[in-house]
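Here is a short briefing on one protein model. Look at the sequence and the structure first, then read the points below.

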Amino acid sequence: MTKADLVEKICASVDSVSKKQAEAVVNSLFECIIDALEEGDKVELRGFGSFKTRERGPREGRNPKTGDKVSVPSKRVPYFKPGKELREKVDAASS
């Protein structure tokens, strides 16, 4: 599912919402999540899951083209942990 598909589903499920309004809501939601993660906060959506950041330490990598060793610095990366309800629904759908 793409962001455009998500906007279409919102328009279809809520009669009084235009496509522009639904797109604004989706974009605003994503911006809020991104802003919170940039500040180091945790975003928790009950029943869906939580977004956090994790610290990845520095490591030695390899240039795939030349095979030379490359130093990769530490960085923060986003991480999503699905909630119990989401895990159960996905599991039930695959069974």
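At 57% relative accessibility, Lys84 counts as exposed, a label for residues over 50% relative accessible area, with buried meaning under 20% and partly exposed in between (1.4 Å probe, protein chains only). The model is predicted, so local features need pLDDT of at least 70 and side-chain atom pairs count only at pLDDT 80 or more, while totals for chains, interfaces and linings use all residues. Residues are numbered from 1 along each chain as its sequence is written, and side-chain values use heavy atoms, leaving out hydrogens and water.

**Helix α3**
- Lys84 belongs to helix α3, residues 84-94; helices are DSSP runs of H or I with at least four residues, strands are E runs of at least two, and both are numbered from the N terminus.
- The C-alpha atoms of Lys84 and Gly49 are separated by 7.8 Å, although the two residues are 35 apart along the chain.

**Helix α2**
- Glu38 lies in helix α2, residues 19-38, and is exposed, with a relative accessible area of 55%.
- Ile34 is also found in helix α2; its relative accessible area of 48% makes Ile34 partly exposed.

**Strands β3 and β4**
- Strand β3 (residues 59-62) and strand β4 (residues 69-72) run antiparallel and are joined by four bridges; strands pair if DSSP finds at least two bridges between them.
- Gly61 stands opposite Val70 in β4.
- The two strands, β3 and β4, form a hairpin with six residues between them, and Gly67 in the turn has a positive phi of about 85 degrees.
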